[in-house]
Amino acid sequence: MKTMTKAFLAAALGLAVLAPSGIAQAESVIRIASPYPATTLDPSRSGAAGNIEVYGQLYSRLLRRNFETGELEPGLAEKWEATTDGMTYTLHLRDAKFSDGSPVTAEDVAFSLERVRSDKESALPSPLAAVESISAQDAKTVVIKMKHALAPMLANLELWNVGIVSKADVDKRGVDGAFATVPLSSGPYMVKEWKPGEKLVLSPNPNYWRQGYPKSDATVELLEIAEPETAAAMLKTGEVDVMRGVNWAQVDDLKASDGIDMRMEPSNVVFVSLLNHGREPFSNLKARQAAAYALDNKALTQAVTNGYAKAANTPLPGSLEFHDDNYPGLVADMEKAKQLLAESGMAGKEVKIILGSGSTNQQIGLLMQAQWEAIGLKPVLVNVDTPGWWDATGKGEYDATPTWWMNEVTDPDLAVRWALCGECDSHAFNTFYNNKRVNELTEQGSREQDPAKRAAIYQEISKIATEEVSQIPLYYSPYAIAYSKHLKNLKMTPAMQWTLEETTIEQ
Amino acid sequence: MSMEAAPIQSSMKQPAVILSWSLIVAGSIVGIWIVLAIFAPFVAPYDPTAIDIVNALKGPSATHWFGTDQVGRDVLSRVIHGARIDLLMCLAGVLPPLFIGTTVGLLSGYYGGAVDTLLMRLYDLTAAFPFFVLVLAIVGVLGPGLLNFFVALAVVGWVTYARLVRAEVMAIRDSEYIQAAQCLGYSDRVVLLRHVLPNAFGPVVAYAVSDAVLVMLAGASFGFLGMGAQPPLAEWGVMISDGSRYIRQAWWICTFPGLAAISLGLGLAFLGDGLGQLRRGQVST
Amino acid sequence: MHTVLRRLIQLIFVLAGICIITFLLVHMVPGDPARVIAGDRASPETIEAIRQRFGLDQPLWQQFVTYAGNLFTGDIGQSMRYKRPVVALIGQYVWPTLFLTGYVICLAVPPSIALAIASARRPGSLADQLIRFIGIAGMAIPVFWLGIMMSRFFGVGLGWFPVSGYGKTFADHLHHLFLPALSTAIWMVPVLVQSLRAALIEKASADFVVAARAQGAGEREIFWCTVLPNAILPTLNLFGVLVAFLIGGTIIVETVYAVPGLGTLMVNSLLARDYQVVQGLTLMFAVTTVAVTFLVDLLSAAIDPRARV
Amino acid sequence: MNGPVTPLVTGPLLDVIDVSVRFGNTRVLKNVSFQIMPGEIVGIAGESGSGKSTICRGAMGLLPSTAEVTGEVRFKDQALLGLGEADWAGLRGRDMAMIFQNPASHLNPLQKVGKQIAQPMIRHLGLSASEAWDKAVRLLEDVGIREPAMRAKSYPHELSGGMKQRVMIAAAISCAPRLLIADEPTTALDVTVQAKILELLKDLNRQRGLAIALISHDLGVLADICSRIMVMRHGEIVEQGEAGQIIDAPQHPYTRLLVDSQPGRKQFKAGWKQTEGQAPLLQVENLRVVFPGKRDIVDILRKRKPTPFAALDGVNLAIDAGETVGIVGESGSGKSTLARAIIRQNRPASGTVKLDGSPIERLAGRDLLELRRRVQMVFQNPYDSLNPRMTALETIAEPIWRHGMADRRSALSQASKLLDMVELPAALGERKPRQLSGGQCQRVGIARALALQPQVLIADEITSALDVTTQAQILELLARLRRERALTLVYISHDLFVVSSFCQRVYVFRSGRIVEQGAAADVLTSPKEAYTRELVASLHRLPRQVRESIEG
C-alpha cells in the first residue's frame, strides 16, 4: 500500500512537472499583468484605470500625443483650425477606417463626442463641458462650437474617453451589444477575445490609419493579476512580459533580476490624504493644519516608496502645467502641529481613517495613525473595499483617508475641478472643501487663454488649497512598471496609455 | 438478550498510552499560548503597534528575533500579541455557535414534530449556503471587523452543533432513563438540562475543540482577505496577509505568524482528537 | 421517484430561502455598483443615470419582484459590470473551478484510501500513529499560508510550477493547477483519512466480519468485499460535503494562486457590488451543494440497500 | 436424550484439551477440556462472562490476536492451534461452521442473502456463482423459508429476525460441515420463533448427522435438545454430563443454583390482596393507542392519508389494589405501549386509563405530580435506564428532593436507606451505572421507582436482560418488596413461566389485543386460545419431577 501511495505521488508530481509550461509559444504575444481589470469596452462609460488603458488601444482620438515629445499631433483629424476667440473649432478628418473596413466619418466623430458630452451615463463629460454643439459639416469635417473659450480644448480632444466609435455599429447592435464583446475599433488594436476579469486579448487592427503600425504583429494579452507577488513571480518565470503596479518593496528585487527592465515612468498621479471638511475635527482649519504639520511627508515618502516617489508640495499632481516646484508647501513640524491642535480645541477627538485595499494604503494609514496619535488626536483605522470607500467618502462618513488620483492631461483645469473646486460635481474629491476664491479662480483659469496669466491663477489656487489644507499632499508617484528586456519602445505615458503600437519584440 | 455480546473486543490498549502522551503535549502547547496571550504585555519585547519606519523590513537579529515588518513593528511582539486575538477568536468564534446550535439541537431533537421540521429546514438552508460566501456576505453587510466576523460565524456555525446535538438527543430521547425521568414527573427543563444535555454534550465538546482550529483558520483566512481583524491589531492572518506582499524581501513577516498559527492549530487539533478518543474510550470500557 | 420528488420540493424551499437571503444581504452591503461601473471621476448625475438604468433607484421590494420574476423565466440576470448574462460569466469561470475540484479529488482520494488502509490495517502501530499525526497536522495548517509558501518555494524558488492562471491545454491545466490542487488536497486528505480510518477500524471488528471469517473467508477477501464497502459509506457522505464545500469554497486558494475560477469571480463581483452575479453564483453554489448531496445519496443507495427507500 | 445417530468415526470430532485463554493479565478460560462426538448435540451452559463464547470462538480460531491461548484443540485429530491463516480459512465454513446470537449484526447488510449463502460454497466447493446461487435457494427452502427464490434476492434488513437466523444457518450448513457451533442462536428471538429454530437445528442434526455445540444461558433450551451438557462458570467447566443427570441430579452447587434459578421453578407467595368487592385500583377501558404513519411534504401534496399503526386496539383490563398482574406477549404485541400509556407517555387515541376511578389523561400540574408519585415504573434495560452521569445515590435521591419530599441532604440519606432495602451495599452508592453489574443497576432502578413510595409499580421486562440467577434474585426482591410496601404490581414479560410463577392473573397480548386472560396457573396449564397454546408449547421447561416447592 505504501509503495502504491509513493508511486502515485511520484506519478502525479512527474506529470505535473513534465507538462509543458506555457513559455514556449509559436505565435508572439505580449502579456501585460495589471491589477486593474477591464470592465467595459465602451469609452464613454468608465474612467477606471483598467479601462483607460484599453480605450487608447481600441479607439483613436482626433488628436494624438507624440509618445516621445509629448506634443499634440494630428490624429484622426488631419488638420484643424480654431477661431481666434476660441469659440469654434473645425476639424478635418483623414481617410481612416474602422476595424471592419468601414470608413470613419464626421458623423461617427460627432456621435462619439456627443455621447461623452451629453449621454447621461457618460463617466467623464467634463472635458467637453464647455462645448455648445458638435456637428458634422460634411463627411470629413467636424465643427465644434463652444459655450465659452477653453484653453485646453485641443488637449481634451486627446483624452481617452473621446475615442471615436462607429455610429452605425452602435445603432445596429445597441449600446450594450456593440461594446459587450468585440467592438469596432478605430485604434491600433482590436479585440480578439475578452474573458472579463481574466484577460483581454488584442490583435493588431489591419485597418489602423497609421501605416505600419502596430510595428509588431504580436497579439497583446492584458491579464488581470491582483496580487503583485504573483505578478512578479510570473514576470520572473516569463509567464508575463510586463508587470504594472509594482510594489515599492519589490522594486529593488526586480531591478536586480536578469532580463527585467524596472522603470519609474512619469505620471500625473498624486497621493493625498483626503480630509472631511464637513465635520469635526477637520471642519476646523487649525485642526487640518495640525494634521498636515504632523505628517512629515518627506519621511513618509521615503518609508513607503523607498524614495522612488517625490514628496508632494501641493494637493495637485506635480506634473501638471504651471506647477510651482519651488513652492515649499507646509513643512512638517510636530511642535507647531501640537500647538495648532491645542488652539483648535479638537484635541482628543476621534479621527476615523478609512483604508481602501492595498498595502500602500495600509502602510500610509498606519503612519498617519501613529503621527496623529502623537499630537493628541484619537485615530481609528477601518478597512473598506473600493465600493465601500466610495460610499463612505461620498456620504462624508469618514475623517481622513489616504488615496491617489491621476489627471488625464497635463492641463490643470480638470484637476482643479476634480480635487479643489467646491461647486463642481466632485465636492472637491469628497472632501467638501469649498472656498469661494478657488471656485472663482477655477472658472477664470479655464477661460483664460494667456499661459502666463493661467500660471498665476493655478499657482494661487494651489497655494490657497495647500495652506487651507484642502487635502494633505503626500507624494507624486511615478508608475513603477517592470518590463521584460526583449520588449522595445514599450512604456506607459503619463496619461496612462501604453505605447503598444510602437513596440517591437527582440529575441 | 443477555449481556454476553460485548466482552471480547478490547485490544485498544496501546494507542491509549500514546494518546495521553499526545494529549499532554497538545495541552501544553495550547497552555503555553494561553499564558503568552495573558502575559503578552510583559513577555513581548516591544509594543506591537509601535512604528519604527527607519527599521522597517529588517531581518531577524538579536534586537528583533523575528525581524520587523513593513512599518518597522517587531514581528515577535506582534506574534505574541496576536495570540490574544487568535485565542479570543477561537473562544468567541466557538462559544456562540455552540450555544445556539446546542439549544436548537436540543429542542429540535427532543420535541421533534413541527419545531424539528422548521429548524431542520433552517438547517438545510444554512447548510446549502456556501460557508465562505455567507460569511463574506454578512461581513460585507456589517462591515469588516472582529465582532462582525463573530456574528457571521454564529449565524453560520451553529449548524454543525445543532446537527450533532440533535442526533445525540434523538438517540437519547427514547432511552429508558429519559422515560424514567419523565415518569418521575420532572419538568421538561429539568429533563433537558439535567438528563439529556449532559449525555448529549460529549461529542459537542470534542467537536468544539477541533472547531476552534477551523475558526482560527477561518479567522486568519478572513484576515487574509481583509475582512477579519482590523489594523493595527496584530492578528496572525492579517500579518500573513500583509507579509505575503513582502514575502520575497522579508520572508519573516509571514512565516512566523504562519508557524504560530500552525502550532496553536496543532495543539488544538490534537487536544480535540485526544478528547474525542478519551470519550470514546470511556464509553467502551 | 418519491425521494426525487421530495428532494425537489426541499430544493425549491432551500432555493427560495437562499434567493431572498442573498438578495437582502447583497443589497444591504454599502457601496454603489454604479460607482464601480462609471469609475472614479464620474459625476453624481452619471451615477444616478446608471442607477436608473439598472433599476437600482426602485424600492428594494420592487427590485426583488423583478428579480424573482426573471428567475421564474429561468433568467438569473445580467452582470451590470460586464453587461453579459450571468450564465455566460459562470460558463467562463466554471471550468477552472471544476477542473481544480476534479484535480483535488484525484490528488486527495487515492492517497486518502491508501493511507487509511495502511493506518487501519494495524491500529496503534507505528505507521498508524504516524499517519494519524500527519493527518491531524495537515488539518491545522492554514491553506492560504501553505499556498503562499508553496508558490514561493516551488513556483518562484525552484520554478517548477507556474504561480497563477489556468493555462490553455489539458496538460497546461494540470501544470498550472498543481500547486493549488495540492495545497487543497493536503487539507482534504487528513479529513478523509480520519473518517475512513475510524470506519475501517470499526467495521473490521463488526459482527458480520467475524461471521465471514467463521465461514472461511480469507483476510484479503474479508477486507475488500466486506469491510471496505461497509466502511466507505460515512466517508462517502463526508466526501460529498467536502466536494460541495470545495466548489463554493475555493475562494481562498483561487485568490492566492490567481486562478480564474468561480471563487475569483465571486470575490470580484462582491467587490464590485455586481448584485446579479453574486446572487446567481450563490444560487448556483446552493444548487450544486444540494445536487452533490443528492448524488452522494444516490451513490450510497447503490452501495447500501438500506438507504433505498 | 436425542442421540440417534451412531457415530461412524470413532473418537471425538472436537477434542478440547486443557485450554486456557488470557487477555493480558485477565484469564478468561482456565484449563477447559471437553469433547464433542460426531453427530452429537452438546450444550454449553453458563451465564455472561463464564467464557462459553470464548471457548467456541477459540475452537474456531476467531479470538483476537491479543488473546494468548494455551492447551490443545484437535478437530478430527488435526491440531488446530497454531494453524496458519490459509489452513484456518480452509477449515472454517467447510468442516466446522458457526452461527451467532444476533443474526442482524452478523449478516453483511450490503449483500443479498442468497449471495452470502452462496459464498462459502464458491469458496470451499468451487461451485460457479450460478450453481452456488441455485444451491443457496434450495438451502433457504431447507431451512424453512417460504418463496426461497425471491427471498434469496432480499437484503438482510428486509427479513425478520427469525428469517435472518435461518439465513445464517443456511450459510453455515451450505458446505455440509461436520460440526456446527451455535452461539446463543435463539436468545434474541421471540419464544415461538425460538422453538422453530431449535426444531430446525434438531432436524439438521438428525438428517445430516451434524454435530452441534449449542451455547445458551437457558438450561431449559439445552435440556430440550442436547444429549450432554457442560456448565461453565468464571472460565471453568464446573460440571459436565448427560443432560438428564445435570438437570435432575446436579452435583456442583452452582449447577444446582442454575437449575433452581430457572424461571418458573420457584413459586412465589402471592402478594397481599385487597378485600373483594372494592373498585379496581387501575382500570384500562377500551384503550386504543395509534402511532401515526410517517407523512412528508409529498404525501401532503398528494393528499395521501398516512397509514396509522394501532399498537393497542381496544384493550380492557382492571387491576385490584394489591394484585400482581402479568402481561405476556411477544415483541410488538403492545405490552410496552400499555405500560407507557399507564404512565402517560403515550396518548391514547380513544379509551381511558383510570386510577382510582379518575381518568389520568387530563391531569395536569399538582394532580399530575400526584399521579407520578402513585404510579412508577421499572424499565427493561439495566444500563439504559439509569443516567450514566449520575451515581446510584444521586439517581435515587433525585425524585425525593425534586418532589419536595425532603431537602437534598436528607434525600440522600433516604436514598441510602432505599439502597439498603434493595440489598445493595452502601459502598455502591457512589458508583456510576457503568461501574455496576446489570443486576445491581436493576436494583438501583427499583429503588428509584420506590423512592416516591408509589402504590402501583409497573415492571416492564425488568429481568429479560439479566442472567437467570440474577433474574431469580431480582424476582425474589420484588416479591419481598410487594409484600413489605403493599405494592400493586403490573409485571410485563415475554416469559410465560416467570409470569405464571410470579403473578396472580395474566393477560396474554397479541397484536395490540388481549387474546386471553385468567388466573396465572390456568393460563399456563390449560390455555384456551390457539395462540396461547402455541406460546405454551414453545416453552422449554425443565422436567417437573425435580421441582421443589420453595415458597418465597
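User: How many salt bridges are counted between chain D and chain B?

Analyst: A salt bridge is a side-chain nitrogen of Lys or Arg within 4 Å of a carboxyl oxygen of Asp or Glu. Between chain D and chain B the count is zero. This is a predicted model, in which local features need pLDDT of at least 70 and side-chain atom pairs count only at pLDDT 80 or more, while totals for chains, interfaces and linings use all residues. Residues are numbered from 1 along each chain as its sequence is written, chains are lettered from A and ligands numbered from 1 in the order in which they are written, and side-chain values use heavy atoms, with hydrogens and water left out.

User: What is in contact between chain D and chain B, and how many residue pairs are in polar contact?

Analyst: Contact means heavy atoms within 4.5 Å. By that rule 41 residues of chain D touch 24 residues of chain B. A polar contact is a pair of N or O atoms within 3.5 Å; within protein, one must be able to donate a hydrogen and the other to accept it, and residues adjacent in sequence count only if both atoms are side-chain atoms. Across this interface of chain D and chain B there are 14 residue pairs in polar contact, both residues at pLDDT 80 or more. By class, the side of chain D that touches chain B has 14 nonpolar, 15 polar and 12 charged residues. Here Ala, Val, Leu, Ile, Met, Phe, Trp, Tyr, Cys and Pro count as nonpolar, Asp, Glu, Lys and Arg as charged, and the others, Gly among them, as polar.

User: Which pair of chains shares the most contacts?

Analyst: Chains A and C do, of the five pairs in contact. No contact joins chain A and chain D, whose closest C-alpha atoms lie 20 Å apart.

User: What area is buried between chain C and chain A?

Analyst: The size of an interface is often given as the accessible area lost when the parts come together. Buried area is the accessible area (1.4 Å probe) that two parts lose on being put together, summed over both. For chain C and chain A the value is about 4700 Å², of which carbon and sulfur atoms give 60%.

User: Where is the disulfide, and is it right-handed or left-handed?

Analyst: A disulfide is a pair of cysteine sulfur atoms within 2.5 Å. The search of the whole structure finds one over all chains. Cys421(A) and Cys424(A) form it, their sulfur atoms 2.1 Å apart. The torsion about their S-S bond is about 90 degrees, so the disulfide is right-handed. By contrast, the sulfur of Cys441(D) is 18 Å from the closest cysteine sulfur, in Cys183(B), too far for a bond.

User: Are these cysteines buried or exposed?

Analyst: Buried means under 20% relative accessible area, exposed over 50%, partly exposed in between (1.4 Å probe, protein chains only). Cys421(A) and Cys424(A) are buried. Cys441(D) is buried too, with a relative accessible area of 0%. Cys106(C), at 48%, is partly exposed.
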